[in-house]
Amino acid sequence: MPSPIPAAEELKDLFSLKGKVVVVTGASGPTGIGIEAARACAEFGADVAVTYASRAKGGEDNAKALAEKYGVKTKAYSCKVGDYANVEKLVADVIKDFGKIDVFIANAGKTADNGILDATVEQWNEVIETDLNGTFNCARAVGLHFRERKTGSLIITASMSGHVANYPQEQTSYNVAKAGCVHMAKSLANEWRDFARVNSVSPGYIDTGLSDFVPQDIQKLWHSMIPMGRDAKAKELKGAYLYLASDASSYTTGTDIIIDGGYTTR
């Protein structure tokens, strides 16, 4: 069955998210990718549900700030994406509170700081559980709702690390998980072709505070390997998330948008 063509003609209407409900996981930080994606959607009229794993105050504060600034309905939820029952409950709770879910941004993630020989098996499992299995859990839980409603957009936060092996730091578990996220989006775009769109965003080095533990000399080396010569601010990803959430991307599915300052071109 062919996908519907949006009725809107003007770009401002195609990008509008008024009347839509968006879920963003991993949106408890003040400057992270999750909260910036949530801001993008709220700016364009969406009601937004954000989740946190351990930073309850951050999640609650972000939800409150979105509601106050943009005049939309918001709520923060606790969710450990690595546990399917937890994600299933999140989806049910959001549907109960908001009535539906139109867009789900699977953004919650965990970084790695070692290779497989210097890390424990448990450390490997922790990264895979959150970054890969957690994305599957989100996809399956919301996908059932999308199929029932015959509409939806799933956006997965992948990484340029799903395309290349970063240097000099070792982070094989993360790279493997994010490569899986890129291909999950492509595979689900095909699997869900009759009722939903699925895409991914692959950021490069983003200044969110998650990499603060990395020594300055290594961060300088990173910057020398980026054609644009710097990390991105998370707000520089907002346009991609808005595009994929909105009807402006009605013919876009199975696509991965790499936003890396040119890193993967070298």
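This is a predicted model: local features need pLDDT of at least 70, side-chain atom pairs count only at pLDDT 80 or more; totals for chains, interfaces and linings use all residues.
How many helices and how many strands are there in the protein chain? There are eight helices and seven strands, where helices (H or I, at least four residues) and strands (E, at least two) are DSSP runs numbered from the N terminus. The radius of gyration, taken over C-alpha atoms, is 18 Å, close to the 18 Å that the globule rule gives for 266 residues, so the chain is as compact as a globular protein of that length; the rule itself is 2.2 Å times the number of residues to the power 0.38.

Residues are numbered from 1 along each chain as its sequence is written, and side-chain values use heavy atoms, with hydrogens and water left out.

Let me turn to the sheet. The seven strands form an open sheet in the order E3-E2-E1-E4-E5-E6-E7, with parallel pairing; two strands pair if DSSP finds at least two bridges between them. Strand E3 (74-78) and strand E7 (256-259) stand at the edges, each with a single partner strand, so one side of each is left without a neighbour in the sheet. Neighbouring strands are turned by 15° against each other on average, direction ignored, the axes being lines fitted to C-alpha atoms, for helices over the stretch in contact, with angles running from 0 to 180 degrees between N-to-C directions. Within this sheet, E5 (residues 153-157) and E6 (residues 197-203) pair over five bridges, and Ser153 has Arg197 in E6 as its bridge partner.

Helix H4 (residues 84-98) touches E1, E2, E3 and E4, and its direction makes about 160° with that of E3. Helix H8 (residues 238-245), for its part, lies across E4, E5, E6 and E7, running at about 175° to E6.

Cys79 is buried at a relative accessible area of 3%, and Cys138 is buried at 2%, where buried means under 20% relative accessible area, exposed over 50% and partly exposed in between (1.4 Å probe, protein chains only).

Note on methods
Contact means heavy atoms within 4.5 Å.
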